[in-house]
Amino acid sequence: MPLTSTSNGEGLAYRPDIFCYPVQIVNVCFIGDPERKEDGWVLVDAGMPRSAARIIKAAEERFETAPEAIILTHGHFDHVGAIMELIEHWNVPVYAHKLELPYLTGEADYPPGDPTVNGGLVSEMSPFFPHDGIDLDDRVKPLPKDGSVPGLPGWKYIHTPGHTPGHISLFRGKDGTLIAGDAFVTVKQESLYKVMTQEQEINGPPKYFTTDWIQAEQSVKKLAALQPYLAITGHGEPMFGESLKANLKLLSDKFQEIAVPEHGRFVDGIVH
């Protein structure tokens, strides 16, 4: 896809063991301290189609080994675009929520993008985005029922549905680090200009692909209650400190006004 933000390929460590790497319009995360090689590392999400070489190169510059696992926040095309190539290169297990597995094992497809949500050119282009499920067969496994994350001691996953049925976010309580996926984002993802420039503003999940707005609101409130200090979202620049606290509270309190589109295939039944 020709969509590319100004931050494409400019990875940055926001903590010694948290490296955010933008791939065109989406972020992937490397979790692991390169100074503590014995602890290993984990990749969160798999970027855009045809991005495997860039992800592998960035990983090899930071680590000497393959990841312990790949964790998927969900299965949309911009979060699993390079997964097949990465699995073949690293031969590592992939984990996702059990409710997301049908879209990752060839059993189900996502609905096509909804251009009627308005908001910008990306929304209008969304029906042309890939929405078919992929088939990872037995290479993808369900995350443990106890909320733990394979390869990431001290982290827990949180079921944050709405954008997709099995969407998850990852949280580390000791320092308030949140990897939110697309439960909320820090850019107006529907606007091509703002996607390209990465102008920061807090928003709900990308409107054109979100199927359950009631669950999406509940998920944002769940994450806001954690009071994270640092949030890395699937789209947009990371947000932290008082800015994150204030903006996430605003989104939680005024979700209907900020996040939910006035029109759309999946908006029926929502009271504005």
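**Salt bridges and cavities**

A: Start with lysine 249, which counts as exposed at 53% relative accessibility (exposed is over 50% relative accessible area, buried under 20%, partly exposed in between; 1.4 Å probe, protein chains only). This is a predicted model: local features need pLDDT of at least 70, side-chain atom pairs count only at pLDDT 80 or more, and totals for chains, interfaces and linings use all residues. Residues are numbered from 1 along each chain as its sequence is written, and side-chain values use heavy atoms, without hydrogens and water.

Q: Which residue forms a salt bridge with lysine 249?

A: A salt bridge puts a side-chain nitrogen of Lys or Arg within 4 Å of a carboxyl oxygen of Asp or Glu. Here the partner is aspartate 253, with the closest N and O atoms 2.6 Å apart.

Q: How many salt bridges are in the whole structure?

A: A search finds eight. Another pairs arginine 265 with aspartate 114, at 3.8 Å between the closest N and O atoms. That pair ties together parts 151 residues apart in sequence. Arginine 265 is partly exposed at 41%, while aspartate 114 is buried at 1%.

Q: What does a probe show about empty space?

A: Rolling a water-sized probe over the atoms shows where empty space is left. A cavity is a set of points, on a 1 Å grid over the protein atoms alone, where a 1.4 Å probe fits but cannot get out. Three cavities of 30 Å³ or more are counted.

Technical notes. On a 1 Å grid over the protein atoms alone, a cavity is a set of points where a 1.4 Å probe fits but cannot get out, and a pocket is an open set with protein on both sides within 12 Å along at least five of seven lines; lining residues have an atom within 4 Å of a point. Grid points are joined across faces, edges and corners, and a volume is the space filled by probe spheres set on the points. Helices (H or I, at least four residues) and strands (E, at least two) are DSSP runs, numbered from the N terminus.
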